[in-house]
Amino acid sequence: MAKIEVNKQLEDIKKVASLNEGKNLKYCILTMGCQLNENDSEKLCGMMESMNYSKTENLSEANLIVFNTCCVRENAEDKLFGKLGEVKKYKEAKGTIIAIGGCMMQEKHIVDKLKQSYPFFDIVFGTHTLQEFPTDLYNVLCNKKRIEDVLDIDGDVIEGLPISRDDKIKASVTIMNGCNNFCSYCIVPYVRGRERSREPKDIINEVKKLAEQGYKEITLLGQNVNSYLRNEKEKGIEFEQYEGVNSFATLLRAINKIDGIERIRFVSPHPKDFTDDVIEAIRDCEKVCKLVHLPLQSGSSEVLKVMNRKYTKDQYLNLIEKMKKEIPNLTLSTDIIVGFPGETEENFEDTLDVVSKVNFEQVYMFIYSRRVGTPGDKMENQVPENIKHKRFDKLKQLVESQIAERNKEYVGTVQKILIEGRSKTNNNMLTGRTDSNKVVILEGNDNLIGKMVEIKVISEHMWYLKGEIKWQNIHLWCNTIYKLKKNIKIVFCFIV
């Protein structure tokens, strides 16, 4: 897979920075969608800040507004078009530059609608041309012409873009782009292309740099992380061996050795590709969280076949049994789609059965949304909306009852949490997450932020736990020592 270094783009960043010097310009970015989109937005922020724009959350202040779009669900389109209607007045009043990028821009019917109904945009760029954003912006500033920069091909692996992260404790690291699975409900392979893995050396060096900067938790990102490097091997592409990495399992082991990193998470794996070596790596690597996100989508083997998921209900349950036997303290989260075309009541009961048996820690539930260009959109046996919602409510009731019961099991236990900062809903409390990704709030000073601490869970609530710092085997030991030469009295207090 071709790896593109961004020398030309860095030169264009310098050109735009020169044009903007001394102007106090601001940008605002609105990100829709998954963690991969958020990671792309961090790169866009890095580029814009390198071009002498400073960030603002206020649309009315911005000289440059960027939309980074998602197309997985229909409400993302509604959100984009609603926001475009809102920012039109800023364009008319002060010439604000409007740029629209991301997955949605890879859909021709969306770009056509933009041209027809929202022709005031300045730049459209796709998932394969994100690195060209500085060049596109430079051309808009110099030539005042609208830019459409969308490629309908599989992109290359891009290295070397600047990146700006809001979070200073947790960071996401993309290990691969694209997807080869073509699930019949999903638009992702059409908008992000086929699987392209980053070279092991580039990933490991990025994580090492993050560790040096003080980051404690890393989340490895990909549409199907456990097929990392598999597509390249099938095509006969050989990457330079680096620290023994030749698979996802060996990548986990290599990152686990990096000093400074205390937690490793990953999303999302595919059940059909969850090999024994990955299970063993999760078991053996003390920094890899024992919460595994394992998308189910449906509990019905019939529906799974139509979804093109390539596993059955029994295969999924058998995989979970194997994982539970190998990995102590394993917890699981999942994704479920309700109301896929052709789903019967019996099929839906199979989904409820799997949820009852597995007892997931977290379930991300979605009502099926038709996506133009996917096989699912063309299926005639669409489930009526009222039935979808009825089933969704039934699943939600089951999931929430399980979460309530699981939460009770946490009370009185000792948990290790990474303190992330002040709670967004209560500034008087600190917040962090357990290994199993449960939100915990507790009292404490700011000097705990960024540290891994042991807490005792003292109460449970539906969507969070409350804890207190666990002071175990603590005593104050004071010794008085006289340094005879200087006749200085020094008191040592040790907390052990």
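Colleague: Are F248 and F266 buried or exposed?

Modeller: Happy to start there, and please keep in mind that this is a predicted model. A residue counts as buried when its relative accessible area is under 20%. By that cut-off, F248 and F266 are both buried.

Colleague: Which parts of the chain does the pair of F248 and F266 tie together?

Modeller: F248 belongs to helix α9, residues 248-256. F266 belongs to strand β13, residues 263-267. The pair therefore ties together parts that are 18 residues apart in sequence, namely helix α9 and strand β13.

Colleague: How many residues apart are F340 and Y368, and where do they sit?

Modeller: These two also form an edge-to-face aromatic pair, with 5.2 Å centre to centre and 75° between the planes, and both F340 and Y368 are buried. F340 is in the loop between β15 (331-338) and α13 (345-358), while Y368 is in the loop between β16 (362-367) and α14 (375-378). The pair links distant parts of the chain, and its residues are 28 residues apart.

Colleague: Which residues form one aromatic cluster?

Modeller: Searching the whole structure gives eight aromatic pairs. One aromatic cluster is formed by F81, Y118 and F120.

Colleague: Now to D435: why does D435 count as partly exposed?

Modeller: D435 is found in the loop between β18 (430-433) and β19 (439-442). Partly exposed covers the range between the buried limit of 20% and the exposed limit of 50%. D435 falls in that range because its relative accessibility is 27%.

Colleague: How far apart in space are D435 and R263?

Modeller: Leaving out residues up to four places away in sequence, D435 touches several residues, including R263, R265 and K416. D435 and R263 are 172 residues apart in sequence. In space, C-alpha to C-alpha, they are 8.3 Å apart.

Colleague: Stepping back, what is the radius of gyration of the chain?

Modeller: The chain has 15 helices and 23 strands. For 496 residues the globule rule gives 23 Å, and the chain comes close to that, so it is as compact as a globular protein of that length. Its radius of gyration is 25 Å.

Note on methods: Residues are numbered from 1 along each chain as its sequence is written. This is a predicted model: local features need pLDDT of at least 70, side-chain atom pairs count only at pLDDT 80 or more; totals for chains, interfaces and linings use all residues. Side-chain values use heavy atoms; hydrogens and water are left out. Helices (H or I, at least four residues) and strands (E, at least two) are DSSP runs, numbered from the N terminus. The radius of gyration is taken over C-alpha atoms; the globule rule is 2.2 Å times the number of residues to the power 0.38. Rings of Phe, Tyr and Trp (its six-membered ring) pair if their centres lie within 6.5 Å; planes under 30 degrees apart count as stacked, over 60 as edge-to-face and the rest as tilted. Buried means under 20% relative accessible area, exposed over 50%, partly exposed in between (1.4 Å probe, protein chains only). Contact means heavy atoms within 4.5 Å.
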